[in-house]
Structure formats: C-alpha cells, structure tokens
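These are my notes from a look through one structure. I wrote them down in the order in which I looked things up.

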Amino acid sequence: MSVALSRLPGDFLDYYLGQGYYRMGQNLFTCEFLPLETGLYTTHWLRLVVARAEYGPKQRRLFRLNERFGVSVRPFRLTPEYEALYARYHQSIDFEANPSLADLLLDGGAHNVFDTNIIEVRDGEQLIAAGVFDSGTDSIAGIVNFYDPAYHRHSLGKYLMLLKLEHARRHQLAYYYPGYLVHGYPKFDYKLFACLAATEVFTARTHQWRPFSWEEVNRQAAALLAERQERDQDRKDK
C-alpha cells in the first residue's frame, strides 16, 4: 500500500510515521510481510521515544571510539561525493539495496518532496560516513546510513543511529523512527542498538505503539502469519 505525494508538510509525515508508514523513493508505504528466499517473514515497525533514551556502556564506548571524527548536519543535496561513498558501501554489503543514492531517495525524479537532511562524518577532510533522515514537525525518520567499508571497526552505521537520536534530542523532538525489524531474521536487529528501553513497536491491528519486547514481537508475528494462512486457505476454498 502506498500514498503518492506532491509535497509533504511536517505534521503529515508525523501522522503517517505514527501509523506505521515509511518512505520509499518519493512515496510513503507500509507492509506487514517481507518475502525472502528463505521464507515469508513479518515486519515490525519501530520508534524511539527520545525523552526516554539513555545510553549504556556500548553506546558510550562508540561515542569515545569515534570522538576524533568531525560531525555536521546539513540539508540534503545529492552530490558526487555522496554517490561515490554510497557506491563503495554498496559494493561491500551482502544484501539487496538500491544501486545508487539517487535511485534510493529520488526514484528517478529530480524533486524531493521530503524535508531531508544528512549527517556527515569526516576523518579530516575525507567523508567516511553519512546518514540521511527526513524531518517532520515532531519526529525524524532515519532513511539510510552508508559508510566507507575501510572503517568497519568503527561501527559507523550504529554510530549514525546515535547521531540521529542526538539530533532529535537537541531539537526536542518526540520520536525517532529507524524503520522495521524482521521477526526471525536478525540482520535488522541492529535497529535496537540505540536504546532498547526507549524503543516501541507498532501494533498494526490496533494502531498502537507498545514498549518493545521480543515477547510482543513473537505474539504479533504469530497472529499475522495465522491471519495470512487463513486468508490463503479461504482463497483456495473459493
């Protein structure tokens, strides 16, 4: 399911993020399932309540590890420098992703309907990581993090999550939406890194956000799969 947009006010983005929608190209979409070669998996949308976020030893260690790097936030404009870094990142990953930053964010267009910013991380003058996020009135949505694979020991993807959370905190925003995780598929579990205690998971059937727990995710996954199996059986019987 998707919603085509010509322009996007901040409170509009806040509302749809709060209903379990997310950005894809220049549209908003939502989903409950992710089909992979190994089977059909359920998706579970996440958000962090910024006021409740606190850091533990792992997060503080990552800040210390990367404190020598320069960090800046600026409005997003597609540049050859960003595309070159994304290309290096894309070559290093072992999962399917858009072939270019332009394809991921603009979907073949030239106009961006979202209020998009980018966090740059630099080692001296060299751009080593970048994190793109969209801004609403009271929230941000993290869209993509990409980084130089030569700096893999610095966990720059997770570091950018912390930087986005800090941006939301500085601007006194209520929520940071990092996307979804996938039940039974740990590749997406890194989205819990910033602060598990401040994380909520969306319940599609009631349109409510609940404190994150694996028990809640297991319950939702079982219910979604049972409903899917029942619908599939109904179609076969007709």
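Which residue just after α1 takes a positive phi? I found Gly-20 there, with a phi of about 80°. The model I am reading is a predicted one.

**Entry on helix α1.** I went back to the helix itself, which covers residues 10–18. I listed its buried residues as Leu-13, Asp-14, Tyr-16, Leu-17 and Gly-18.

**Entry on Phe-202.** I looked up Phe-202 next and found it in strand β11. Is Phe-202 buried or exposed? Its relative accessibility is 6%, so I put it down as buried. I then checked what Phe-202 touches, leaving out residues up to four places away in sequence. Among its partners are Gly-18, Gln-19 and Gly-20. Gly-18 is already on my list of buried residues of α1, and Gly-20 is the residue with the positive phi. The other partners I noted for Phe-202 include Trp-45, His-207, Gln-208, Trp-209 and Gln-220. I also looked up a distance from Phe-202 to Glu-216, which is 14 residues away along the chain. Their C-alpha atoms are separated by 9.9 Å.

**Entry on salt bridges.** How many salt bridges are there? The count comes to 14. I followed three of them.

I took Arg-52 and Glu-200 to start with; their side chains meet at 3.7 Å, N to O. Arg-52 sits in the loop between β5 (39–49) and α2, and Glu-200 in strand β11 (residues 199–203), so this pair ties together parts 148 residues apart in sequence. Strand β11 is also where I had found Phe-202. I compared the two ends against the cut-offs, with buried meaning under 20% and exposed over 50%. Arg-52 has 40% relative accessibility and therefore counts as partly exposed. Glu-200 has 10% and therefore counts as buried.

I turned to Glu-81 and Arg-122, whose side chains form a salt bridge at 2.9 Å, N to O. Glu-81 is in helix α3 (residues 80–92) and Arg-122 in strand β7 (residues 116–123), and the pair links parts of the chain 41 residues apart. Glu-81 is partly exposed, because its relative accessibility is 35%.

I then looked at Asp-148 and Arg-88, where the closest N and O atoms are 3.9 Å apart. Asp-148 lies in the loop between β9 (139–147) and α5, while Arg-88 is in helix α3, so parts 60 residues apart in sequence are tied together. Asp-148 is buried, because its relative accessibility is 9%. Arg-88 is partly exposed, with a relative accessible area of 33%. I noted one network as well: Arg-74, Glu-81, Glu-120 and Arg-122 are joined by salt bridges that share partners.

**Entry on His-167.** Where does His-167 lie? I found it in helix α5, residues 156–170. His-167 has 9% relative accessibility, so I counted it as buried. Setting aside neighbours within four places in sequence, I recorded Val-73, Phe-133 and Ile-140 as its contacts.

Which residues form a positive surface patch? I noted Arg-60, Arg-61, Arg-64 and Arg-153. I looked up the place of Arg-61 and found it in helix α2, residues 57–65.

Methods. Residues numbered from 1 in each chain as written. Predicted model: local features only at pLDDT ≥ 70, side-chain atom pairs only at ≥ 80, totals over all residues. Heavy atoms only, no water. Patch = residues over 30% accessible without salt bridge, like charges linked within 9 Å, V, L, I, M, F, W, Y side chains within 5 Å. Areas by Shrake-Rupley, 256 points an atom, 1.4 Å probe, with all protein chains shown as cover. Salt bridge = Lys/Arg side-chain N within 4 Å of Asp/Glu carboxyl O. Lys, Arg positive; Asp, Glu negative; His and termini not counted. Charge placed at Lys NZ, Arg CZ, Asp CG, Glu CD. Helix = DSSP H or I, 4+ residues; strand = E, 2+ residues; numbered from the N terminus. Buried < 20%, exposed > 50% of the residue type's maximum accessible area, 1.4 Å probe, protein only. Contact = heavy atoms within 4.5 Å.
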